[in-house]
Amino acid sequence: MYRRILVPTDGSPVSEAAVDAAIDFVGGREGSEIVALSVAVPEPTFQSLEGAMAYDPGLQIDVLLEHAQRCVDAIATRCSAAGVACTPLTASALDAAEAIADTARDQHCDLIVMGSHGRRGLSRLLAGSVTQAVLASAPVPVMVLRPVAPAAGAG
């Protein structure tokens, strides 16, 4: 049985669906816990040839960490309402997948539940896939939830 489940979130609808699934999966089982993680990933900064920088990366990470904290606090609130124990964590990292795998290891999680946007082809190559990188490096099993496609003829 999985007792400590890591649920990474970026606040997107896809990751929110993974949160719902993890809460349902745990179902308030005694001794089970969700570890909610949001990783603040700063955009790379580029300097002009003259050496001028358009913004302060320190300010950017503060804003990203505040957003990450709001994401995990919202999960903690949902878990509390469902009677599920939750540890909310945030991290700052250049590589979200590495931070997720490290957190699973450091927090002794035995399952990762995460959403995937389901990108394919060129969009996946251009956008990258955090989920794919987690699958390749995770120290524990990973349950991947994809968005539900609308039914044919729905609209």
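The model is a predicted one, in which local features need pLDDT of at least 70 and side-chain atom pairs count only at pLDDT 80 or more, while totals for chains, interfaces and linings use all residues. Residues are numbered from 1 along each chain as its sequence is written, and side-chain values use heavy atoms, with hydrogens and water left out.

The average pLDDT (the predictor's confidence in each residue, from 0 to 100) is 84 for the protein, and 77% of the residues score at least 70. Over residues 122–127, however, the pLDDT falls below 50, and this stretch has five contacts (heavy atoms within 4.5 Å) in the model beyond near neighbours in sequence. Where pLDDT is low, the predicted coordinates should not be read in detail.

Pro88 belongs to strand β3, residues 85–92; strands (E, at least two residues) and helices (H or I, at least four) are DSSP runs, numbered from the N terminus. Leu6 lies 82 residues from Pro88 in sequence, with a C-alpha to C-alpha separation of 10.0 Å.

Helix α5, residues 130–137, contains Thr131, which is buried because its relative accessibility is 9%. Beyond four places in sequence, Thr131 is in contact with Met114, Gly115, Ser116 and Val144.

Turning to the cysteines, the whole structure has zero disulfides (pairs of cysteine sulfur atoms within 2.5 Å). For Cys86, the nearest cysteine sulfur is that of Cys79, 4.0 Å away.

Definitions and conventions:
Buried means under 20% relative accessible area, exposed over 50%, partly exposed in between (1.4 Å probe, protein chains only).
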